[in-house]
Amino acid sequence: MMKLNVEPILIAGPCAAENREQVLMTADALSQQLKANGISLTYFRTGVWKWRSTPNTFCGAGEPALEWLKEVKQKYGFDVCVEVASPEQVDLCEKAGITALWIGSRTAVNPYQVQEIAEACKNRPLTVMVKNPLVPDLKLWIGDIERFMKADVEQVWAIHRGVADRAESVYRNAPCWEMPIDLRVRYPELPILCDPSHIAGDTRYIAQIAQLAIDFGCSGLMLESHCNPAEALSDAKQQLKPDELVALIKSLVFKSELSSPIEDDLRKQRNLIENIDVQMANLLAKRMQVVDEIANIKKQNNLPIVQPKQWNKVEGIYRNAALQDSDYEEFLTKYLELLHNASINRQK
Ligand code: PEP
Ligand code: MN
């Protein structure tokens, strides 16, 4: 990890507080790992109330979890931050001595609810972090942030967590990088963090998203970490073990006076390409799996493997989106030939 002029903000902890043991075990492992590597944690995060998209999943431990978080603070000295979705939850956090709160992406879509929470936070010495709404609406995100600024909350930060998108992707949420970039143009002094865990949805993609966020100038990261991710009651696939989290942080390159603008620029572009390559590689593998399914259907029904009409349709999809460039034209022709042959060979 390259040294920065200003320490990046680091927030880490489990998606949800499931029980006392899991919360304390995660805090203990994080504390040991971070200390051993000289990394400081700005906040230990966790969800206490977890009303997620469906009511049939784990809904959080609720109020008793606030007691476990008091213990985290006492034992490990971590300041704690929690998601709030109502004025009552703001009050409960205040009573538990929690002074950092965040607004979740599902709450952030509703200005009525955000306004009520902002009023409950009025003039309080709080840090409120506002996640972007699930929908790609920068105005709505800015509106949420401004509600807390107007309420004179001591510190207001933003968290970029990607948006729900139906496009085929290996990520759980589309990063939509233009949103945090535009937000920074509007509010250059506002700290903008990135939450790569919820963008990625899978630990395999977190590092590259985190690096890209740093290259785009974000002020820090919020990452999910669990002492035993395989057994996590929510977001199991995207939670890093504490040692994995520290390894990831150490692998990141932070901008500093040591790196030149050219190096920074090059790294940003390479990272963009890597992000695209990871998605293309995974989509290609996914495509082959679908080819296998098609092969099965054809075999069971004695249908021919090669279906020219269908292939013309596929070719059309690529040609319609093609760049107008003769070199690219040649590449695309070869690529389509390879793709078709690979698909036929696999079906055979
Ligand atoms: C979370 O951070 O645990 C969470 C629920 O995030 P989001 O609101 O971004 O989905
Ligand atoms: Mn989560």
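Q: Which residue's side chain makes a polar contact with the side chain of lysine 131?
A: In this predicted model, local features need pLDDT of at least 70 and side-chain atom pairs count only at pLDDT 80 or more, while totals for chains, interfaces and linings use all residues. Side-chain values use heavy atoms, with hydrogens and water left out. A polar contact is a pair of N or O atoms within 3.5 Å, and within protein one must be able to donate a hydrogen and the other to accept it, residues adjacent in sequence counting only if both atoms are side-chain atoms. At 2.7 Å, the partner of the lysine 131 side chain is aspartate 195.

Q: Is lysine 131 buried or exposed?
A: Buried means under 20% relative accessible area and exposed over 50%, with partly exposed in between (1.4 Å probe, protein chains only). Lysine 131 has a relative accessible area of 4%, so this residue is buried.

Q: How far is an oxygen atom of ligand 1 from an N or O atom in the side chain of lysine 131?
A: Lysine 131 is among the residues that surround ligand 1, as are Ser105 and Glu224. A polar side-chain atom of glutamate 224 lies 3.4 Å from an oxygen atom of the ligand. For the side chain of lysine 131, the distance from an N or O atom to an oxygen atom of ligand 1 is 2.8 Å.

Q: What distance separates a backbone N or O atom of serine 105 from an oxygen atom of ligand 1?
A: Serine 105 also touches lysine 131, where contact means heavy atoms within 4.5 Å. From a backbone N or O atom of serine 105 to an oxygen atom of ligand 1, the distance is 2.8 Å.

Technical notes: Residues numbered from 1 in each chain as written. Chains lettered and ligands numbered in written order. Near = heavy atom within 4 Å. Lists of a residue's contacts leave out its neighbours within four places in sequence.
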